Protein chains: 2
Amino acid sequence: MNIYELPTPVVLVDLDRVERNVRVVANLARSYGKCLWPMFKTTKSSFIARLQRDVGSDGFLCSGVAEAEVLVSKGVTRTVMIAYPIADEWGLSRVARLIENGARVIVRIDNLRVAEFLSNGLRSRGFRIEYCVKVDVGYGRLGVKPEDVGLFVSKLSRFNNLEFVGIVTHQGQAYKARNPQEVEAVAKRSAELMELAVKSLRRYGFEPEIVGAGSTPTLRFDVREGIYTHLFPGNYVYYDRTQALVYGSASIDDCALTILATVTSIPQHSSGRIAIINAGSRYIERDVRGGLRGYGQLVEHPKVVVTRVSQEIAVLDISEEGVEVGEKVRIIPNHSCYTNNAVNFIVGHRGGKVVGIIPLDAKEDRVIEEELIGIPRIT
Amino acid sequence: MNIYELPTPVVLVDLDRVERNVRVVANLARSYGKCLWPMFKTTKSSFIARLQRDVGSDGFLCSGVAEAEVLVSKGVTRTVMIAYPIADEWGLSRVARLIENGARVIVRIDNLRVAEFLSNGLRSRGFRIEYCVKVDVGYGRLGVKPEDVGLFVSKLSRFNNLEFVGIVTHQGQAYKARNPQEVEAVAKRSAELMELAVKSLRRYGFEPEIVGAGSTPTLRFDVREGIYTHLFPGNYVYYDRTQALVYGSASIDDCALTILATVTSIPQHSSGRIAIINAGSRYIERDVRGGLRGYGQLVEHPKVVVTRVSQEIAVLDISEEGVEVGEKVRIIPNHSCYTNNAVNFIVGHRGGKVVGIIPLDAKEDRVIEEELIGIPRIT
């Protein structure tokens, strides 16, 4: 079956490109001696994770416990780091079960309350857990200041079932960069701050086994930084329009994820300047970085961009290049992680031929829905 | 089970509020003699639609064929209007099947190409279909200009299996209003333009059976406009922070949909000014209207607003009111339709007691996934 025969809207991934992207980055990390533990939130697919594992990733960064559980239960890996602090009983009990089943689970901590919560919860279950300190290198979200890391770890020493293994960061501010030069500056400054964090640790007598960081925009600079042992990019599997056109992480031909939609109208009032497609805000994020025009562009007509997004439909600017009513078109979105996160399955293809349906089996709401199976259904 | 015992993140709906909202609007429409055909895209739940039907809605507006199919097949209604033009074989064949099964399907047309496509496709199947012309009253998306409607319908007369039944619009520009006065001005101007469209029709000898319009912000003004026979609001079932605080459609206590999330950190670098929750861009839209501060606010701490949203987590501003790490909180999002559209199920509660799981059974990707059941799964 050809992709253009599919009902729309549907999310497609070009498996040839995915395999190439995964291999190129694995080789890059290997050649600089870095452990590549991909951030799993981009794909939430154990099938894609297995492709990454097969080219050398023996660990994964997960945004939550549900993602970690799926990777372990499907046999993709036994080493998972959980990106965001765990502060609820549900998460804790599932982490305990993962440890019990022999997985290596590394959590991230950035505040004493979470440390206390984890320590108490694991003590009563008789478990120890490894942790990294999340360091804030300027994103201003989670994290401890680099200069405070040594003191913070020393405070955590009293929790003797929490075992310090390293420090990690996410240079999320790279996503505010307007060009590759600004990305490079973020990467360089972040590495300097992580060095500062290591100095702070040594001042208190701690030596990190893991010094990790990661984002797809900074990846090509991060690999050259001696301070890092681990890198955690996620988006590089698919890339997207912003990675290609703003950050310079890849070319537009590396973008592997697209949304197949149907052109449903060229409204008369527009005198042929706009067209409507049947894919809306669930698939196409209203997020513009680095002065990019629009929210996505078409594979079939690269001068056509998405300029407005409603819930169920979006508007294309066709003043520079035309489309036909009834035509099926593929949108390269500004942000592929967002699109992937909207759906339960994606369609894999090679050269436009449909290969199969890839279920996004690690989505947290799937896991939670199973968890709630005992509650009555109202229909 | 209490809602705070649920795993997070999860989307909740307060069924007492839903029932009240649905009843109040049904009574309002009835008292002005209007047909209320709710826009179904807000909820995509046949259970909620049944509540609307039971208080008097004998028809529904659907964003696509998948939604219409579910309403008909689950026995909620036999009268469906499809909001956006149908321009693909998949949609057309399913519309034909609905008609064959005895449903009244009304499509909307705003361009000749779609008329031609529908007419050809239905002729070969031996069907007629009723249509409304979509009129653009200033939103600048789909539609024909009011003054051109008569000429447009006369052009469509040559398609003798397309039966003209009326004109419809969506005053989407109301969503750009910054206060109730601006909403009222949009409503008033839209009604004037729809009167102009009716005059244009009469000039060509056509009389509309349906003159429809609808949006939740304009609803309370639209009911007073003599020109309308049908109203199509959708959001009023749940309302949201923008409806309450910007458009004046409801009070914050009418908001029925919330996201239950866990506070996972109060990062040290912020000196207690921010907190992190485990619900991100899938649940909370980055959309601010009318100068609203933030993307959502907490039920438990109304002065706490969501100020940043990443994919998996979001940032709360807690400088005015505190939260605790580990605490479960409910977010009233700026836009409830968006949140509802992100998930496969919602949890219904009354006064904080869980009543049951409500599957969102009319989501198009569920329907498409079933359609693709013959394609191999790659896992």
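The legends below describe close-up views of a predicted model with chains A and B. Residues are numbered from 1 along each chain as its sequence is written, while chains are lettered from A and ligands numbered from 1 in the order in which they are written. Because the model is predicted, local features need pLDDT of at least 70 and side-chain atom pairs count only at pLDDT 80 or more, whereas totals for chains, interfaces and linings use all residues; side-chain values use heavy atoms, with hydrogens and water left out.

**View 1. The interface of chain A and chain B.** In this view 82 residues of chain A are in contact with 83 residues of chain B, contact being defined as heavy atoms within 4.5 Å. The two chains bury about 7,100 Å² between them, with 55% of it on carbon and sulfur atoms; buried area is the accessible area (1.4 Å probe) that two parts lose on being put together, summed over both. His269(A), Gln311(A) and Ile378(A) supply 10% of the area that chain A buries against chain B, more than any other three residues.

View 2. Eight salt bridges are found across the interface of chain A and chain B, a salt bridge being a side-chain nitrogen of Lys or Arg within 4 Å of a carboxyl oxygen of Asp or Glu. Arg286(A) and Glu285(B) form a salt bridge in which the closest N and O atoms are 2.5 Å apart. There are also 32 residue pairs in polar contact between chain A and chain B, both residues at pLDDT 80 or more; a polar contact is a pair of N or O atoms within 3.5 Å, where within protein one must be able to donate a hydrogen and the other to accept it, and residues adjacent in sequence count only if both atoms are side-chain atoms. The side of chain A that touches chain B divides into 41 nonpolar, 18 polar and 23 charged residues, with Ala, Val, Leu, Ile, Met, Phe, Trp, Tyr, Cys and Pro counted as nonpolar, Asp, Glu, Lys and Arg as charged, and the others, Gly among them, as polar.

**View 3. Domain 1 and domain 2 of chain A.** The domain assignment, which comes from an automatic or database source, gives domain 1 (3-8 + 251-359) and domain 2 (15-238) of chain A. Their centres, taken over C-alpha atoms, are separated by 32 Å, and the contact takes 21 residues from domain 1 and 20 residues from domain 2. The two domains of chain A bury about 1,600 Å² between them, 47% of it on carbon and sulfur atoms. Cys337(A), Arg350(A) and Ile358(A) supply 29% of the area that domain 1 buries against domain 2, more than any other three residues. The count between these domains is three salt bridges; Arg350(A) forms a salt bridge with Glu19(A), the closest N and O atoms being 2.8 Å apart.

**View 4. Helix H3 of chain B.** Eight of the nine residues of helix H3 (residues 65-73) of chain B are buried, so this helix is largely enclosed by the rest of the structure. Here buried means under 20% relative accessible area, exposed over 50%, and partly exposed in between (1.4 Å probe, protein chains only), and helices (H or I, at least four residues) and strands (E, at least two) are DSSP runs, numbered from the N terminus. The buried residues of H3(B) include Glu67(B) and Glu69(B), and what covers the buried residues includes helix H4 (89-100) and helix H11 (364-371) of chain B.

**View 5. The surroundings of Gln171(B).** Gln171(B) lies in the loop between strand E7 (162-168) and helix H7 (180-203) of chain B, and counts as buried at 0% relative accessibility. The side chains of Gln171(B) and Asp222(B) are joined by a polar contact of 3.1 Å.
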